[in-house]
Amino acid sequence: MRYQVDWYTDAGVKLGVIQAFTSLEYVRTENTIGSMILTIPRELMRYEDFAVGQLVEIWREKHGSLELQNDTAYFLQDWQFYTDREGREYIQLYATDANWLLDTAIVWAYAGSAQAEKTGKPDDMMKAIVREQLGDLAAVERRKLSVQNDVGAGGASVTKAFAYRNVLTVLQELADIANENGVYLAFDVVRTAPATFQFRTYAGQRGTDHSRTSGDPRLVGKQYGNLAEASFGTFHSDERNWVLVAGQGEENARVTVQRYNTARIGSSRWNRREYFKDSRDNDNVAAL
């Protein structure tokens, strides 16, 4: 198995291929921004070679063919030259995956406008937001990607207001609403060609089922030689299971909704864990 990192300008012009790296770490997390850290020997490049927004793609050779890892590219953000305690010189690059593009825009619309308040299926609402703020319906200077066609698979219709809020945050909240209503919903910004990206949503599941009973399993474990340094645990430290959601209004006239998980609360006589969610941008009880 062999890895290589393809290196591009922000416009997608190939600058080279990096194979002689010291270490490569990359993380992809559903519905948020992933990252990559690449460490290379100092003698391979100059400080002037780097610029913010350059793109790197991680490719892995498997069975003689190269495959792009995780359907994404990474945007260079930070780089540093350093010397370790043995006097060896290195360059370390830090880059974020394509979901970072969603974090670069706000919903540029005033409260009550069609762009800042919508009703619809969560997946289609996500796509409408991205089209209007980063896609072909945005001002030319704001356009950064295309958007997959609507499919209306994101569960029950919801109403949400989000004037002037961060696009990534709004999308994350819509995914949470769908999941709370029993429909798995995820989103991603997918690399379709060098310096070319598309926003997509995934309802029900992403990709093909390769579980043990699927008929086409992909087995992972120490005994198969593809899992090392694994850990398994149960973590309750950040649990919240009784939530007071507050919408619009003042003092005792403020609209509130309670959401709770009886089974989780009852798992221990001490386990009622309360949380307050400020949702004053929502004027609809169903959205709350």
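Close-up 1. Ser279 is buried because its relative accessible area is 10%; buried means under 20% relative accessible area, exposed over 50%, and partly exposed in between, with a 1.4 Å probe and protein chains only. This is a predicted model: local features need pLDDT of at least 70, side-chain atom pairs count only at pLDDT 80 or more, and totals for chains, interfaces and linings use all residues. Residues are numbered from 1 along each chain as its sequence is written, and side-chain values use heavy atoms, with hydrogens and water left out. Ser279 sits in the segment after β16 (274-278). Helices (H or I, at least four residues) and strands (E, at least two) are DSSP runs, numbered from the N terminus. Which residues touch Ser279, leaving aside its neighbours within four places in sequence? They are Val245, Ala246, Gly247, Arg254 and Leu288. Contact means heavy atoms within 4.5 Å.

**Close-up 2. The whole protein.** The protein has 4 helices and 16 strands. Its C-alpha atoms fill a box of roughly 65 × 50 × 45 Å, taken along the principal axes. Of its 288 residues, 39% count as buried. Take the contacts between residues at least 6 apart in sequence: 58% of them join residues at least 24 apart.

**Close-up 3. An open sheet of 3 strands.** The order is β10-β13-β12, and the pairing is mixed. Two strands pair if DSSP finds at least two bridges between them. The edge strands are β10 (146-147) and β12 (185-193), and each pairs on one side only. Strands of a sheet pair through backbone hydrogen bonds, either parallel or antiparallel. β12 and β13 (residues 196-203) run antiparallel, joined by 8 bridges. Across this pairing, Phe187 stands opposite Thr201 in β13. Ala186 stands opposite Tyr202 in β13. β10 and β13 pair in the parallel sense, over 2 bridges. Here Val147 stands opposite Phe199 in β13.

**Close-up 4. Helix α3 from end to end.** α3 has 14 residues. From first C-alpha to last it reaches 20 Å, close to the 20 Å expected at 1.5 Å a residue. The expected span is 1.5 Å times one less than the number of residues. Asn166 caps the N-terminal end of α3: a side-chain oxygen lies 3.0 Å from the backbone nitrogen of Leu168. Several residues of α3 are buried, among them Val167, Leu171, Leu174 and Ile177. What covers the buried residues of α3 includes α1 (100-103), α2, β11 (158-161), β12, β13 and β16. Just after α3, Gly182 takes a positive phi of about 90°.

**Close-up 5. Two residues with positive phi.** Most residues other than glycine have a negative phi. Ala195 has a positive phi of about 60° although it is not a glycine. Where does Ala195 lie? Ala195 lies in the loop between β12 and β13. These two strands form a hairpin with 2 residues between them. Ala195 counts as partly exposed because its relative accessibility is 28%. Glu251 also has a positive phi, near 50°. Glu251 lies in the loop between β14 (242-246) and β15 (256-260). At 75% relative accessibility, Glu251 counts as exposed.

**Close-up 6. Aromatic rings.** Rings of Phe, Tyr and Trp (its six-membered ring) pair if their centres lie within 6.5 Å; planes under 30 degrees apart count as stacked, over 60 as edge-to-face and the rest as tilted. By this rule there are 9 aromatic pairs. The rings of Phe50 and Trp79 have centres 6.2 Å apart and planes at 40°, so this pair is tilted. The pair links distant parts of the chain, 29 residues apart: Phe50 is in the loop between β4 (35-41) and β5 (55-62), and Trp79 is in strand β7 (residues 74-83). Phe50 is buried, at 7% relative accessible area, whereas Trp79 is partly exposed, at 22%. Trp7, Tyr47, Phe50, Trp79 and Phe81 form one aromatic cluster.

Terms used:
Polar contact = N/O pair within 3.5 Å; in protein donor to acceptor, adjacent residues only side chain to side chain.
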